[in-house]
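This report describes the fold and selected contacts of one protein chain. The sequence and structure are shown first, and the description follows.

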Amino acid sequence: MRPGKTLWEELAQQNIVIDRPCGGKGICGRCAVVLRGGERVPACRYRTPGEVEIEQIPLQQFTAVESFGHCRVFEEQNPVAAVDIGTTTVVLQVFYRDRSVVRSFVNPQRRLGTDVMSRIRAANEGGGKELQELIWERLQKELSLAVKELGGTMDCRLVVSANTTMQHLLEGISCERMGAAPFVPEKLSLRNFFIGKTQIVQLPGISAFVGADIVSGLAAIDILHREAPVLFVDLGTNGEMALGSRERLLVTSTAAGPAFEGSGPAMRIHGAGVLRLLHRLLEQGIVDEYGTLCEAYFDPGYPVDEAEVGSSDSGEEPCVLTQENIRELQMAKAAVCAGVEMLLAEYQISAEQVETVCLAGGFGRYLDPEDALAVGLLPEKLKGRIVAVGNTSLEGAVQYLADPEAAGQRMEEICRRAELIMLPECRDFEERYIERMNFGLYGN
């Protein structure tokens with residue numbers, strides 16, 4: 001590194017541009033990279049007089065061409081691509097020869113609904129065609145730009161990792177039976193189809209609410225070859241969890257609503273930033289253990305320093321944390337924590353016997369484990385074993401591109417062996433859920 005330059009500036013010089021919504025103040029955590037040895041530093045503030053080795057960069061933030069040389073080289077004549085279609089964010093990675101491009105964008109289907117259930121309703125009320133066109137047109141545009149950047153042609157193979165609803169909407173198949181219990185998808189298998197000249201591979205899923213994105217992630221961490229149990233948690237508008245090893249694999253899901261996707265005016269606060277803020281407010285007594293704001297902020301809400309929490313858009317309207325926001329977060333974190341405890345109970349192990357907790361996705365990447373434990377998102381006894389594993393949904397799709405036979409077999413084995421736990425049917429779930437609504441009761 002050159003004297004006076006930050007790591008963010010050095011990476012930018014190499015056409016690797018990482019998001020830094022706090023403007024380079026080093027407080028939002030969105031540009032954090034992991035150095036050799038495990039030290040996690042904000043790229044926008046970190047300076048060193050010599051060379052540094054980087055182990056992990058937030059790949060989904062890349063906007064430029066990168067050389068991946070030692071990782072994967074695709075010998076196919078045409079570009080190949082992998083995409084993680086999230087309910088909120090879409091991340092596309094295109095490979096051609098010895099280079100790749102990563103592009104990310106907000107899912108345009110948000111126009112017809114911000115969560116899975118609202119999009120299912122929209123599709124079932126006649127909006128299915130529009131939802132399909134919204135995602136495909138934007139995907140086609142981003143794919144075209146990436147392929148052009150790499151110098152290839154548009155005859156492309158695209159591997160899709162997404163939740164079950166997003167896959168149904170992309171493929172244009174009915175969501176009718178997914179709109180009400182018992183929530184039956186039309187398709188869950190590994191399958192191929194074409195849109196125009198683009199061959200699309202849909203990765204397999206387990207259920208209506210444990211989809212291909214989770215299967216792909218579990219394949220990426222190779223959960224079925226783990227000696228000791230690993231807990232996998234992916235939080236977004238739904239909270240999906242898995243607990244498994246070579247012996248057994250349990251999976252479940254719970255509704256999280258908007259709590260982990262951001263909150264406040266225009267959804268400007270990043271979910272991990274909300275937890276960081278809430279942790280501080282609990283320490284300062286501004287929020288009590290029952291989740292109630294103190295009298296001074298109960299009606300107007302607590303004014304938020306947007307740089308502190310990693311705002312994605314400054315906006316004109318003042319940003320505040322309201323009592324309603326806190327209640328949404330309480331319900332979401334209670335459901336996740338109780339869900340994890342039900343998996344542990346069903347697996348018949350204690351939290352101390354979990355080898356590693358893998359936090360997947362963008363939320364997991366930016367979440368400080370201390371914040372997660374302090375607000376009761378995860379059981380306290382998991383402390384010290386929580387790691388961010390990045391976008392495993394995309395990584396699993398890329399693994400399929402590299403070796404379809406081996407990755408496909410791994411994913412289909414996961415689907416075959418997974419035991420789906422329906423939380424509402426579990427005897428103690430409702431009681432645990434109510435108990436986990438409060439804060440500050442997790443050291444027991």
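## Salt bridges

Glu-186 and Arg-177 form a salt bridge in which the closest N and O atoms lie 3.1 Å apart. The model is a predicted one. Glu-186 counts as partly exposed, at 36% relative accessibility, and Arg-177 also counts as partly exposed, at 45%.

Lys-187 and Glu-171 meet through their side chains in a salt bridge of 3.1 Å, N to O. Lys-187 sits in the loop between helix H3 (164–171) and strand S9 (191–195) while Glu-171 belongs to helix H3, so this pair ties together parts that are 16 residues apart in sequence. Lys-187 is partly exposed, with a relative accessible area of 35%, whereas Glu-171 is buried at 14%.

A further salt bridge links Glu-435 with Arg-436, their closest N and O atoms being 3.5 Å apart. Glu-435 is partly exposed, with a relative accessible area of 39%; Arg-436 is buried, with a relative accessible area of 16%.

| Salt bridge | Closest N to O distance |
|---|---|
| Glu-186 and Arg-177 | 3.1 Å |
| Glu-435 and Arg-436 | 3.5 Å |

The structure holds 14 salt bridges. A network of salt bridges links Arg-103, Arg-138, Glu-142 and Glu-149.

## Overall composition

The protein has 13 helices and 18 strands. Of its 444 residues, 55% are buried. Among contacts between residues at least 6 apart in sequence, 66% join residues at least 24 apart.

Strand S6 (residues 89–96) is mostly covered, with 7 of its 8 residues buried. Strand S5 (residues 80–85) runs antiparallel to S6 and is joined to S6 by 6 bridges. The hairpin from S5 to S6 passes through 3 residues. Ile-85 has Val-90 in S6 as its bridge partner.

On to the next pairing: S6 and strand S7 (residues 99–106) run antiparallel and are joined by 8 bridges. Val-90 stands opposite Phe-105 in S7. The hairpin of S6 and S7 has 2 residues between the strands, and Arg-97 in this hairpin takes a positive phi near 60°.

Which residues does Leu-139 touch, not counting residues up to four places away in sequence? The contacts of Leu-139 are Val-83, Ile-85, Val-90, Leu-92, Phe-105, Leu-158 and Leu-170. Ile-85 and Val-90 in this list are bridge partners, and Phe-105 stands opposite Val-90. Leu-139 itself lies in helix H2 (residues 116–150) and is buried, with a relative accessible area of 1%. From Leu-139 to Ser-104 the separation is 35 residues in sequence and 9.9 Å in space, C-alpha to C-alpha.

## The six-stranded sheet

An open sheet of 6 strands with mixed pairing has the order S17-S16-S11-S12-S13-S18. Its edge strands, which each pair on one side only, are strand S17 (386–390) and strand S18 (419–420). Helix H8 (residues 323–347) packs on this sheet and touches S11, strand S12 (238–244) and strand S13 (249–255). The direction of H8 makes about 20° with that of S12.

Within the sheet, strand S11 (residues 230–235) and strand S16 (residues 356–360) run parallel and are joined by 5 bridges. Val-230 stands opposite Thr-356 in S16.

Helix H4 (residues 212–220) is largely enclosed by the rest of the structure, because 8 of its 9 residues are buried. These buried residues are Ala-212, Asp-213, Ile-214, Val-215, Ser-216, Gly-217, Leu-218 and Ala-219. Just after H4, Asp-222 takes a positive phi of about 55°.

How do the axes of helix H11 (residues 392–402) and helix H12 (residues 404–417) cross, and within what distance do they come? The two axes come within 6 Å and cross at roughly 135°. H11 and H12 are therefore oblique to each other. On the H11 side, the contact is made by Gly-396, Gln-399, Tyr-400, Leu-401 and Ala-402; on the H12 side, by Pro-404, Ala-407, Gly-408, Arg-410 and Met-411. By class, this contact of H11 with H12 has 6 nonpolar, 3 polar and 1 charged residues.

Key:
Residues numbered from 1 in each chain as written. Predicted model: local features only at pLDDT ≥ 70, side-chain atom pairs only at ≥ 80, totals over all residues. Heavy atoms only, no water. Axes fitted to C-alpha atoms, helices over the stretch in contact; angles between N-to-C directions. Helix = DSSP H or I, 4+ residues; strand = E, 2+ residues; numbered from the N terminus. Parallel < 35°, antiparallel > 145°, perpendicular 65-115°, else oblique. Contact = heavy atoms within 4.5 Å. Nonpolar A, V, L, I, M, F, W, Y, C, P; charged D, E, K, R; others polar. Salt bridge = Lys/Arg side-chain N within 4 Å of Asp/Glu carboxyl O. Buried < 20%, exposed > 50% of the residue type's maximum accessible area, 1.4 Å probe, protein only. Pairing = 2+ DSSP bridges.
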